[in-house]
Amino acid sequence: MFTDQLSFKARPTGRKWFAGAARCALPLLMAWVALPAAAHNNNAYVANEVDNTVSVINTTTNAVTATVPVGTNPSGIAVSPNGASVYVANLSSNNVSVINAASNAVTATVAVGSSPDSVAVSPNGADVYVANSNANTVSVIAAASDAVIATVPVGNNPNSVAVSPDGAHVYVANTNDNTVSVIATATNTVTATVPVGNSPFGVAAGPFGARVYVANFGDNTVSVIDTSTNAVTATLPAGNGALGLAISPIGAPVYAANFNDNTVSVIDPINKTVFATVPVGSSPESIAISRNCARIYVANANSNSVSVINPFTNKVIATVSVGSVPTAVATQPQEW
């Protein structure tokens, strides 16, 4: 189906070569109001893998306000907690672009391992973690110096990375060996390896630190890891080709982007059921939640668009045209 495209790395079978439901509580909204001025940029950032750019979407108007050139085949994206910096993992140039969010200019380029596919920032903004899918490592970048300070061996073909809310652990989904590596950030060493479902491709930490969720592309499920035991305690249903994950800032629902059936599953993690299925664009790959819970953003790789979902109605309320093959989307992280 995609034989006309180059294959840069191992991906689950059937995936292209490249890569609410619950209302926010008052304390959460108060925390949002208290965010520093740099955080109030009202932007979502989209990595466009084929045209080597990042689209900047104003989430108030749902309009693209800037297009930023980055490295080759940007595949992962994350925003610092204070909103000042955007980090872009460039799959084919083996580096991370650092964008100044105020100027929409790249201010640094950091060399990392082979085929960086995903990036996450620690809650205090001090460290940036990059999953290098073809090197089977995670690079740790010090944000203050934009330099790699550690390289951590993990499992086979790490394609997604997430940081716990307290910053103590990093969770890495290893697609080719069906595991999640748990890294202790104090020592930058792997302290546990957790078996999960078939071809884990997305990972997200719950807001309270008790649970980590893993999207299993190969069996259309989401594994739930209890972080106190590093064991899977539940398996949730999802759609066909579950790929990207996002968790409501109050812990439920869980949102899964289903690459093969062009939907987002809205999952109740308590009752272990899908209570809504939202049609979106073609080949949804990544999903993010706005800092005030008001919108869900879904990067649709094969329709060059971002679907905007109202979580209170579970309906698409806008479709934003972006660059070629958007594979990752990020919004300002939620602070408590």
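Is Phe259 buried or exposed? Phe259 is buried, with a relative accessible area of 3%. Buried here means under 20% relative accessible area, exposed over 50%, and partly exposed in between, with a 1.4 Å probe and protein chains only.

A word on the source. This is a predicted model, where local features need pLDDT of at least 70, side-chain atom pairs count only at pLDDT 80 or more, and totals for chains, interfaces and linings use all residues. Residues are numbered from 1 along each chain as its sequence is written, and side-chain values use heavy atoms, without hydrogens and water.

Now the rings. The whole structure holds 2 aromatic pairs. Rings of Phe, Tyr and Trp (its six-membered ring) pair if their centres lie within 6.5 Å; planes under 30 degrees apart are stacked, over 60 edge-to-face, the rest tilted. Phe201 and Phe217 have ring centres 6.4 Å apart and planes at 55°, so this pair is tilted. Phe217 and Phe259 are also tilted, at 6.5 Å and 55°. Phe217 sits in the loop between S17 and S18, and Phe259 in the loop between S21 and S22, 42 residues apart. Strands are DSSP runs (E, at least two residues), numbered from the N terminus. Ring pairs link Phe201, Phe217 and Phe259 into a cluster.

Next, strand S1, residues 43-48. In S1, 6 of 6 residues are buried. S1 runs antiparallel to S2, joined by 6 bridges. Strands pair if DSSP finds at least two bridges between them. Val46 stands opposite Ser55 in S2. S1 also pairs with S28, antiparallel, over 5 bridges. There, Ala44 has Thr331 as its bridge partner.

Notes. Helix = DSSP H or I, 4+ residues; strand = E, 2+ residues; numbered from the N terminus.
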